[in-house]
Amino acid sequence: MSSKNGLRSLAFGVAACAALAFSGQAKAEEPAFLALSGGAYDVNDSFTAGEFRAEYRFAEKHKLWVFTPFIGVMGTTDSAVYGYAGIGMDIFFGRRVVLTPNFAVGAYHDGDGKDLGHAVEFRSGLELAYRFDNRSRLGIAVHHISNASLGDSNPGTESVVLTYAIPTDMLLGR
């Protein structure tokens, strides 16, 4: 494992520990969300492209211990596609600011974009969001995707996206 990947793993571990420490501070009955994102894919390398995502984040009642499951699909302007499923944990700082460390695993196809070395890819990241009165959220997310050395090469990639998460009950008029 490279020192760069080691630092990322350490940072994610620290965030996960902080999440466990603060998870009981503000327990909100959060609804399911449809999260839509757009931003830059592969921001640290020469294959930079536009990135778009759609994620379904399950409601509080479907939590797995303190973790919220989600499923999603990501596509880039270079025709790369990544379908994934994972877990996240909301850490509330007051009622407005939400930090969400998250982890996912999925299937990746590089299209005309960056070859990540394997079809199975893992994603880890953080999202920092502002929570509105109607519980929708606007935030920025940073993610790292890599194959954890499952393939002969493991170049990895980073993305930065702006995310708007809207409660699904608002979409359904409830």
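This is a predicted model: local features need pLDDT of at least 70, side-chain atom pairs count only at pLDDT 80 or more; totals for chains, interfaces and linings use all residues.
Colleague: Why is valine 142 called partly exposed?

Modeller: The relative accessible area of valine 142 is 45%. Buried would need a value under 20%, and exposed one over 50%. Valine 142 has 45%, so it is called partly exposed.

Colleague: What makes valine 142 part of a nonpolar surface patch?

Modeller: A patch residue needs over 30% relative accessible area, and nonpolar side chains are joined within 5 Å. Valine 142, at 45%, passes that area cut-off. The patch covers about 970 Å², and its members include Val43, Phe93, Leu128, Tyr130, Leu138, Ile140, Val142, Val160 and Leu162. Two or more of the patch residues come from each of strand 7 (120–131), strand 8 (137–146) and strand 9 (157–167).

Colleague: Isoleucine 145 is in strand 8 too. Why is isoleucine 145 called buried?

Modeller: The limit for buried is under 20%. Isoleucine 145 has a relative accessible area of 3%, so it counts as buried.

Colleague: Which residues is isoleucine 145 in contact with, leaving aside neighbours within four places in sequence?

Modeller: Contact asks for heavy atoms within 4.5 Å. Isoleucine 145 meets that with Met74, Tyr82, Leu116, Glu121, Phe122, Arg123, Gly156 and Thr157.

Colleague: How do you know that the side chains of glutamate 158 and asparagine 44 are joined by a polar contact?

Modeller: The cut-off is an N or O pair within 3.5 Å, with one atom able to donate a hydrogen and the other to accept it. The side chains of glutamate 158 and asparagine 44 are joined at 2.5 Å. Glutamate 158 also has a side-chain polar contact of 2.4 Å with histidine 144.

Colleague: On to the strands. How do you know that strand 4 and strand 6 pair?

Modeller: Pairing takes at least two bridges. Strand 4 (residues 81–88) and strand 6 (residues 97–109) have eight, in the antiparallel sense. In strand 6, alanine 107 is the residue opposite glycine 83.

Colleague: What makes strand 5 and strand 6 a pair?

Modeller: Strand 5 (residues 91–93) pairs with strand 6 over three bridges, again antiparallel, and at least two are required. Isoleucine 91 faces leucine 99 of strand 6. Three residues lie between these two strands in a hairpin, where glycine 94 in the turn has a positive phi of about 75°.

Colleague: How many bridges join strand 6 and strand 7?

Modeller: There are 11, in the antiparallel sense. Valine 105 is set opposite phenylalanine 122 in strand 7.

Colleague: And for the protein as a whole, how many helices and strands are there?

Modeller: Two helices and nine strands, running α-β-β-β-β-β-β-β-β-β-α from the N terminus. Of the 174 residues, 41% are buried. Among contacts with a separation of 6 or more, 56% link residues 24 or more positions apart.

Terms used:
Residues are numbered from 1 along each chain as its sequence is written. Side-chain values use heavy atoms; hydrogens and water are left out. Helices (H or I, at least four residues) and strands (E, at least two) are DSSP runs, numbered from the N terminus. Buried means under 20% relative accessible area, exposed over 50%, partly exposed in between (1.4 Å probe, protein chains only). Patches are made of residues with over 30% relative accessible area and no salt bridge: like charges are joined within 9 Å, nonpolar side chains (Val, Leu, Ile, Met, Phe, Trp, Tyr) within 5 Å. Accessible areas come from the Shrake-Rupley method with a 1.4 Å probe; for residues, only the protein chains shown count as cover. A salt bridge is a side-chain nitrogen of Lys or Arg within 4 Å of a carboxyl oxygen of Asp or Glu.
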